[in-house]
Amino acid sequence: MKITAVEAIPYSVAYRKPLRFASGEVHAAEHVLVRVHTDDGVVGTADAPPRPFTYGETQASVVAAVTGIFAPQVTGLSVLERETARARLHRTVGNPVAKAAVDIALWDALGRTLGVSVSELLGGFTDRLRVSHMVGFAPAARMVEDAERMRDLHGVTAFKVKVGRRPWRQDTDAVRALRTALGDDVELYVDGNRGWTPAEAAQALRAMDDLGLTMAEELCPADDVLGRRWLTQQATIPQFADESATTPAEITRELLAGAANGISIKTARTGFTTSQRVLGLCEGLGVEVVMGNQIDTQLGTVATAAFGAAHELSARRPAELSNFLDMSDDLLAEPLVIEGGALRVPQGPGLGVEVDEQQLARYRQDT
Ligand code: MUC
Ligand code: MG
């Protein structure tokens, strides 16, 4: 059960259709595959998607942090010593995506060692999640086509629409076009990725008041401390925090300040061990969570699904699990399937999925 090595393998897989949003755009999954090896020959695996525009991490910085700092700190620990591993990782500030991947790979190794699914180890609440699809920036008609394709091919009936462009009317018009085309039975909510000022956000929310949105995520810059509080206090739908609330301490501050009333949990940035703390905090403070997407590959999606399905609170809302469908290829041996608007959590030991070594050899960038 002892960790003998931790690898960090940079790789790149292109997107067929890039995702565009207010803080950036992603054309290729330039990620890092993290693998934890144990002395029993077990290998735990996780995906690290660097997001420089959110956390400052890059593919090279994730490789450097994992191999240079974290691997020596966890090598020699048992895969059962997850709290010790977490404490050691947290001696270093920042680097959330690198830390999260080491944590998830460790849980995968633990599940494989015990022969149990990680989702069951974490809580085992359900074995499937309803799926929400993120619709990126495009002309309104193309955004409608994207959502209709997801509904027709995969039965998806919940959509997170990217907003935060200027002028804001192009976004409110696109959300209106989606509501008109998809009807009242689908769930729509919006994510601004910090694109609007509080005044723009308030105007845009008023312009969408009749569209039955269920929530709005991160409409304004995280540093607009009073502006975000002002917006949340007047909004008629819950305001969810994503980039402004990436640690338990930030989440506590945002919620107690009245600057948010829901939290996006991303396993890509808080792994499983810290995501459980985030979830407990949200439950204790009585706010909803959404399982968010960090533009995840299939492996990243499996981690989000394993965690989301493990607990009652994280399984309530549709989880953002579908954007891997826009990638040109993937590393997993068996593709994930979204059917009837839901994703079934893979059931094997650990995360229940295998990386295809030939695919990894094809896309890795370090050889
Ligand atoms: C989101 O919820 O903001 C966009 C960038 C990223 O890291 O995650 C996405 C989705
Ligand atoms: Mg977001």
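Me: Why are the side chains of D326 and K17 said to meet in a salt bridge?
Reply: First, a caveat: this is a predicted model. In it, the N to O distance between the side chains of D326 and K17 is 3.7 Å. The cut-off is 4 Å between a side-chain nitrogen of Lys or Arg and a carboxyl oxygen of Asp or Glu, so this pair qualifies as a salt bridge.

Me: What makes this pair tie together parts of the chain?
Reply: Look at where the partners sit. D326 is in the loop between β11 (319-320) and β12 (338-339), while K17 belongs to strand β1 (residues 3-21), so the pair ties together parts 309 residues apart in sequence.

Me: Does D326 count as buried or exposed, and how do you know?
Reply: D326 has 7% relative accessibility. Buried means under 20%, so D326 counts as buried.

Me: What makes D127 and R128 a salt bridge?
Reply: Their side chains meet at 3.5 Å, N to O, and the limit is 4 Å, so the label applies. D127 has 30% relative accessibility and R128 has 41%. Both values lie between 20% and 50%, so D127 and R128 are each partly exposed.

Me: And how do you know that the side chains of R166 and E200 meet?
Reply: From the distance again: 2.8 Å, N to O, for the R166–E200 salt bridge. R166 is in the loop between β5 (158-162) and α7 (169-182) and E200 is in helix α8 (residues 198-207), so parts 34 residues apart in sequence are tied together. E200 has 17% relative accessibility, under the 20% limit, and therefore counts as buried.

Me: What joins R166 and P167?
Reply: A cis peptide bond, with omega at about -5°. Most peptide bonds are trans. P167 is found in the loop between β5 and α7.

Me: On to the ligand. Which residues come nearest to ligand 1?
Reply: Of the 14 residues around ligand 1, the nearest are K160, D191, N193, E217 and D242. Two of them, K160 and E217, also belong to the salt-bridge network mentioned above.

Me: How do you know that N193 has a polar side-chain atom in contact range of ligand 1?
Reply: A polar side-chain atom of N193 lies 2.8 Å from an oxygen atom of ligand 1. A polar contact needs N or O atoms within 3.5 Å, so N193 passes. The side chain of D191 has an N or O atom 3.0 Å from a ligand 1 oxygen, and for D242 the value is 3.1 Å. Taken alone, ligand 1 exposes 280 Å², and the protein buries 98% of that.

Me: Where does ligand 1 sit?
Reply: In the largest cavity.

Me: What does the side chain of E218 reach?
Reply: The backbone nitrogen of D242, at 2.5 Å. That is within the 3.5 Å limit, so E218 and D242 make a polar contact. E218 is placed in the loop between β7 (216-217) and α9 (225-234). With 3% relative accessibility against a limit of 20%, E218 is therefore called buried.

Me: Which residue other than glycine has a phi near 60°?
Reply: I295, and its phi is positive. Most residues other than glycine have a negative phi. I295 lies in the loop between β10 (288-291) and α13. Its relative accessible area is 5%, under 20%, so I295 is buried. N95 also has a positive phi, about 55°, although it is not a glycine. The place of N95 is the loop between α3 (82-89) and α4 (96-114).

Me: Last one: does A14 count as buried or partly exposed?
Reply: A14, in strand β1, has a relative accessible area of 39%. That is between 20% and 50%, so A14 is partly exposed. A14 and A29 are 15 residues apart in sequence, with their C-alpha atoms 6.1 Å apart in space.

Note on methods. Residues are numbered from 1 along each chain as its sequence is written. Chains are lettered from A and ligands numbered from 1 in the order in which they are written. This is a predicted model: local features need pLDDT of at least 70, side-chain atom pairs count only at pLDDT 80 or more; totals for chains, interfaces and linings use all residues. Side-chain values use heavy atoms; hydrogens and water are left out. Helices (H or I, at least four residues) and strands (E, at least two) are DSSP runs, numbered from the N terminus. Buried means under 20% relative accessible area, exposed over 50%, partly exposed in between (1.4 Å probe, protein chains only). A residue is near a molecule or strand if one of its heavy atoms lies within 4 Å of it. A polar contact is a pair of N or O atoms within 3.5 Å; within protein, one must be able to donate a hydrogen and the other to accept it, and residues adjacent in sequence count only if both atoms are side-chain atoms. Accessible areas come from the Shrake-Rupley method with a 1.4 Å probe; for residues, only the protein chains shown count as cover. On a 1 Å grid over the protein atoms alone, a cavity is a set of points where a 1.4 Å probe fits but cannot get out, and a pocket is an open set with protein on both sides within 12 Å along at least five of seven lines; lining residues have an atom within 4 Å of a point. A molecule sits in a cavity or pocket if more than half of its atoms lie within 2 Å of its grid points.
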